[in-house]
Amino acid sequence: MTKRYVYISGEFVVEEDAKISVNDSAVLLGYSVTDSSRTFAHRPFKIERHVDRMYKSLKAARIDPGMSSAEMVRVTCEVTERNLEGLESHQDLWIVHTVSNGQTRLGPDPSVRESGATIIISNPFLDLRGWAGYYSTGCHAVTSTSRAIPAQSLDARIKNRSRMAYTLAEAEVKLVDSNAQGVILDVNGFVAENKGGNIFIVSEGELLTPTTVNCLAGISRETVLELATKLSIPTRETTLLPYDLYTADEMFFTSTPYCMMPATRFNGIDVGAGEVGPITKRLLAAWSELVDVDIVQQAREQR
Ligand SMILES: Cc1ncc(COP(=O)(O)O)c(C=O)c1O
């Protein structure tokens, strides 16, 4: 099996040898920022936009990575390039960044640093099998009982690794339907996001998505909005309630690995005709064209 490399705080090491301290603030405090991007046909997609988002997250989280964003892009491309060696042409990789505040010490001030930032860049294989079936049938979207952390506590635009809240929310959804995908509402009952994706609906020909007051500024969300503009599909960032999802004509999630995941049922009720809708299909086709990879076929081939 080909060796996979990880960049870890200045070094390229074989994945099995990558280690961080038990005193790392990621371990002791869950104090770390993250970003996930991917390759399409072995080319990193919008890597500068992802790194730019991560640097905004780092600034807001008061973590100094000790490295410029241009250098971050450079090392990211270098480690990804190494890991692409030997990969089959129809396969792709994740590009996962984790940056913590470095080693810390338990005591009165959790921001105390006993080392520079811990920077990890890894390239897990992009396994799409879990989502592959949803492109044709759509998934069942279900609201969790747990609500999103309000921006007054932690701004959703800070893409962070403290995933306990969203992991529990998704687990609640799976109790309702083991195949369902979660829709997390905010504390006011507005639609926020999925544990790892943004939410869109099509209503009366218009493409609607929540504003980033309660969700991550997803790069896939941005891509869909750009593609919609190119296709002359009107778009609007707004507040959405569950009612809007029940009465939508189409619905889908967006996220880096699967790009777009249609949802054809919401809390047991058909969305529109209960089938993957025409605007969803047009956007997905436009995305495939943009990256020169048939997104649906790539996922299906892995099944
Ligand atoms: C909470 C959350 N919302 C939305 C997204 C989608 O973001 P992107 O499109 O940049 O992958 C993610 C991605 O992991 C996420 O974790």
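1. Val75 is buried in this predicted model. Its relative accessible area is 3%. The residue is found in helix 3, which covers residues 69-84. Beyond residues up to four places away in sequence, Val75 touches Tyr7, Phe12, Met67 and Ile121. For a sense of distance, take Ser162, 87 residues from Val75 along the chain. The C-alpha atoms of Val75 and Ser162 are separated by 25 Å.

2. How is the chain divided? There are two parts, domain 1 (5-126) and domain 2 (130-301). Taken over C-alpha atoms, the centres of domain 1 and domain 2 are 25 Å apart. On the domain 1 side, 26 residues are in contact with domain 2, and 26 residues of domain 2 meet them.

3. Now the area of that interface. The size of an interface is often given as the accessible area lost when the parts come together. Here domain 1 and domain 2 bury about 2000 Å² between them. Carbon and sulfur atoms account for 56% of that area. Which residues of domain 1 lose the most area to domain 2? They are Thr34, Phe40 and Arg53. Together these residues make up 27% of what the domain 1 side buries.

4. Polar links also join the domains. The count of residue pairs in polar contact between domain 1 and domain 2 is 17, with both residues at pLDDT 80 or more. The count of salt bridges between domain 1 and domain 2 is three. Glu222 forms a salt bridge with Arg49. In that pair the closest N and O atoms are 2.6 Å apart.

5. Which elements give two or more residues to the side of domain 1 that touches domain 2? They are strand 3 (32-40), helix 2 (47-60) and strand 5 (94-100). Strand 3 gives the largest share of that side, with eight residues.

6. Thr34 lies in strand 3. Is Thr34 buried or exposed? Thr34 is buried, at a relative accessible area of 1%. A polar atom of its side chain lies 2.7 Å from the backbone oxygen of His97. Leaving aside neighbours within four places in sequence, Thr34 is in contact with Met54, Val96, His97 and Thr98, and also with Lys159, Asn160, Arg161 and Arg163.

7. Next, the cysteines. How many disulfides are there? The count comes to zero. A bond needs two cysteine sulfur atoms within 2.5 Å. For Cys215, the closest cysteine sulfur is in Cys139, 17 Å away, so the gap is too far for a bond. For Cys259, the closest cysteine sulfur is also in Cys139, at 15 Å, and that is too far as well. Cys215 counts as buried, at 1% relative accessibility. Cys259 counts as buried too, at 0% relative accessibility.

8. Tyr243 counts as exposed, because its relative accessibility is 58% and the cut-off for exposed is over 50%. The residue is found in helix 8, residues 242-246. Along the chain, Tyr243 and Gly107 are 136 residues apart. Their C-alpha atoms are separated by 47 Å.

Conventions: Residues numbered from 1 in each chain as written. Predicted model: local features only at pLDDT ≥ 70, side-chain atom pairs only at ≥ 80, totals over all residues. Heavy atoms only, no water. Buried < 20%, exposed > 50% of the residue type's maximum accessible area, 1.4 Å probe, protein only. Domains from an automatic or database assignment. Contact = heavy atoms within 4.5 Å. Buried area = accessible area lost by both parts, 1.4 Å probe. Salt bridge = Lys/Arg side-chain N within 4 Å of Asp/Glu carboxyl O. Polar contact = N/O pair within 3.5 Å; in protein donor to acceptor, adjacent residues only side chain to side chain. Helix = DSSP H or I, 4+ residues; strand = E, 2+ residues; numbered from the N terminus.
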